[in-house]
Amino acid sequence: MNDTDGLPVNDSGAREARPMTEGRASMTEIVMPNDANPHGSVSGGRVLHLIDVCAAVAALRHARRSVVTASFDDVAFLAPVPMGHVILLDAQVTGVGDTSIEVRVIVRGENPITGDRRHTTTAYVTFVALDDAGRPAQVPGLSANTDEEHASMERSRLRREARLGRLHHD
Ligand SMILES: CC(C)(COP(=O)(O)OP(=O)(O)OC[C@H]1O[C@@H](n2cnc3c(N)ncnc32)[C@H](O)[C@@H]1OP(=O)(O)O)[C@@H](O)C(=O)NCCC(=O)NCCS
């Protein structure tokens, strides 16, 4: 059943919730010469682009409507990923507001010869769902089914408070 805005509602008309397992996406890329900085490893801008794309797919799978990137939280690059190595991204919806969706993206580099993997970045990206007129539109709620998912949603709530606090002070 859908409400007039196309959003799934339950029999009582309340906003439906989707499980966290639906809001996921993964990507695997190889670092090519075009992606590299003068040091021969992937450039920060390229990694941000990949994070944005992977996170958007997770957000779309949760919202099932169009979304735009509203913000990136602080992003740190902890280790270089050299040209020819593999870059792996795993995105997970970790929290939602009325119209916004927070997605965590974990980035790892992999040496394709040895198979060694190392964590390079964890990023939090916030998307806002839009209706056909381009206005913020409600998204489904998020349901947690495990203790870890509940804890993850609680941490997301705290990050959202801090993020909105910063937004309103800038
Ligand atoms: C994101 C955007 C749609 C928000 O529009 P807005 O009129 O400021 O929206 P509102 O104030 O009504 O807030 C809507 C939601 O967005 C959230 N939001 C707005 N700005 C945000 C920001 N910078 N970071 C995180 N969340 C933000 C609000 O918290 C609110 O969330 P909630 O409904 O879950 O509580 C608008 O700023 C925009 O279009 N930005 C450009 C997006 C874009 O082009 N991105 C591509 C890269 S440039």
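This is a predicted model: local features need pLDDT of at least 70, side-chain atom pairs count only at pLDDT 80 or more; totals for chains, interfaces and linings use all residues.
Helix α2 is hardly covered: of its 23 residues, the count of buried ones is 1. Buried here means 20 or more other C-beta atoms within 10 Å of a residue's own, exposed means 12 or fewer, and partly exposed is whatever falls in between, with C-beta atoms placed from the backbone. Helices (H or I, at least four residues) and strands (E, at least two) are DSSP runs, numbered from the N terminus. From its first C-alpha to its last, α2 reaches 34 Å, close to the 33 Å expected at 1.5 Å a residue; that expectation is 1.5 Å times one less than the number of residues.

Residues are numbered from 1 along each chain as its sequence is written.

As for the overall fold, the protein chain comes to 2 helices and 7 strands, in the order β-β-α-β-β-β-β-β-α. Its C-alpha atoms fill a box of roughly 55 × 35 × 30 Å along the principal axes, and buried residues make up 29% of the 170 residues. Taking contacts (C-beta atoms, placed from the backbone, within 7 Å) with a separation of 6 or more, 73% join residues 24 or more positions apart.

Then there is the core. A nonpolar core is a set of buried Ala, Val, Leu, Ile, Met, Phe, Trp, Tyr and Cys residues joined through C-beta atoms within 7 Å. The largest one has 33 residues, and Ile51, Cys54, Ala55, Ala59, Ile101, Val103 and Val105 have the most contacts inside it. Two or more residues each come from α1 (44–63), β4 (86–96), β5 (100–110) and β6, with α1 giving the largest share, 9 residues. Leaving aside residues up to four places away in sequence, Ala55 touches Ala91, Val103, Val105 and Val125.

Around the ligand sit 14 residues, the closest being Ser71, Gly97, Asp98, Thr99 and Ser100; a residue is near if its C-beta atom, placed from the backbone, lies within 6 Å. The shell splits into 6 nonpolar, 6 polar and 2 charged residues.

Finally, Met32 is placed in the loop between β2 (24–30) and α1. Met32 counts as exposed because 11 other C-beta atoms lie within 10 Å.

Methods: Ala, Val, Leu, Ile, Met, Phe, Trp, Tyr, Cys and Pro count as nonpolar, Asp, Glu, Lys and Arg as charged, and the others, Gly among them, as polar. Two residues are in contact if their C-beta atoms, placed from the backbone, lie within 7 Å.
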